[in-house]
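Subject: Structure for you to look over

Dear colleague,

I am passing on the structure we spoke about, and below it you will find an account of what came out of going through it. Please read the account with the model open beside you.

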Amino acid sequence: NEILFYVPLSINKIENTFLLFKLDKMKEMNTRIRTLYFLVGFIIIVIALFHLIVGILLHLIIIRPIKILSKKSNEISSGDLSARVKIKRKDEIGQLGNAFNDMASSIQEKIVELDTQNKKMLLELKMAREVQRSIYPVIRKTEKFDIAIYHRPLIEVSGDYHDIIP
């Protein structure tokens, strides 16, 4: 029931030095091994739980807000200009969300402004077309000349081109 361990040492040039460990019973050794296995298992479980908690925190703090930003940017690119993110944080991700909302508002304002300008321009072009049509004279038939007027605008108005063909 005894186990002896001999460990040779070399201390300060003294030869034939060794350490002797004596375990009286195998039962004590089995108890120590079980304790060691328990500690190793406990440490593995603690490390796994730590990794799980860190993964969940990273998901909540970084990944989820970025997924929200990505989803809202896809909504804007598909035409929904009213899409906004709701991230109420004061860190960099919150600043990114605020910048996203500011850009979305700016884009929406610019598109409304462009639509207004486009409608105004189309109205002015239609008015120019009517003015251009009204400029052409009424054609009277004569014995000496064949006169014709042809007006075909590209979209709304056209350039002036006159020619005399003998």
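Arg89 and Asp91 are joined by a salt bridge in this predicted model, and the closest N and O atoms of that pair are 2.4 Å apart. Both partners are partly exposed, since the relative accessible area is 25% for Arg89 and 26% for Asp91, and each value lies between the 20% below which a residue counts as buried and the 50% above which it counts as exposed. A search of the whole structure gives two salt bridges, and another pairing of this kind links Glu75 with Lys72, where the closest N and O atoms are 3.6 Å apart. Glu75 and Lys72 sit three residues apart in helix α1, and are therefore separated by about one helical turn.

Lys72 also has a part in the helix packing, being one of the α1 residues that make the contact with α2. Helix α1 covers residues 26-77 and helix α2 residues 92-135; the two pack at an angle of about 5°, with their axes 11 Å apart. Because angles under 35 degrees count as roughly parallel, α1 and α2 are described as roughly parallel to each other. On the α1 side the contact is made by Ile61, Ile62, Pro65, Ile66, Leu69, Lys72, Ser73 and Ile76, while α2 contributes Ile93, Leu96, Gly97, Phe100 and Ala104. Sorted by class, this contact consists of ten nonpolar, two polar and one charged residues.

Turning to α2 itself, the buried residues are Ile93, Gly94, Gly97, Phe100, Asn101, Ala104 and Gln132, and α1 is included in what covers them. As for the length of this helix, its 44 residues should span 64 Å at 1.5 Å a residue, and the end C-alpha atoms are 63 Å apart, which agrees.

Two residues of strand β2, which runs over residues 14-23, are also worth a look. Lys22 lies in this strand and is partly exposed, with a relative accessible area of 49%; its C-alpha atom is separated by 70 Å from that of Val85, which is 63 residues apart from Lys22 along the chain. If residues up to four places away in sequence are set aside, Leu19 touches Phe5, Tyr6, Val7 and Leu9. Between the C-alpha atoms of Leu19 and Leu125, which are 106 residues apart along the chain, the separation is 106 Å.

How values were computed
Residues are numbered from 1 along each chain as its sequence is written. This is a predicted model: local features need pLDDT of at least 70, side-chain atom pairs count only at pLDDT 80 or more; totals for chains, interfaces and linings use all residues. Side-chain values use heavy atoms; hydrogens and water are left out. Axes are lines fitted to C-alpha atoms, for helices over the stretch in contact, and angles run from 0 to 180 degrees between N-to-C directions. Helices (H or I, at least four residues) and strands (E, at least two) are DSSP runs, numbered from the N terminus. Angles under 35 degrees count as roughly parallel, over 145 as roughly antiparallel, 65 to 115 as roughly perpendicular and the rest as oblique. Contact means heavy atoms within 4.5 Å. Ala, Val, Leu, Ile, Met, Phe, Trp, Tyr, Cys and Pro count as nonpolar, Asp, Glu, Lys and Arg as charged, and the others, Gly among them, as polar. The expected span of a helix is 1.5 Å times one less than its number of residues. Buried means under 20% relative accessible area, exposed over 50%, partly exposed in between (1.4 Å probe, protein chains only). A salt bridge is a side-chain nitrogen of Lys or Arg within 4 Å of a carboxyl oxygen of Asp or Glu.
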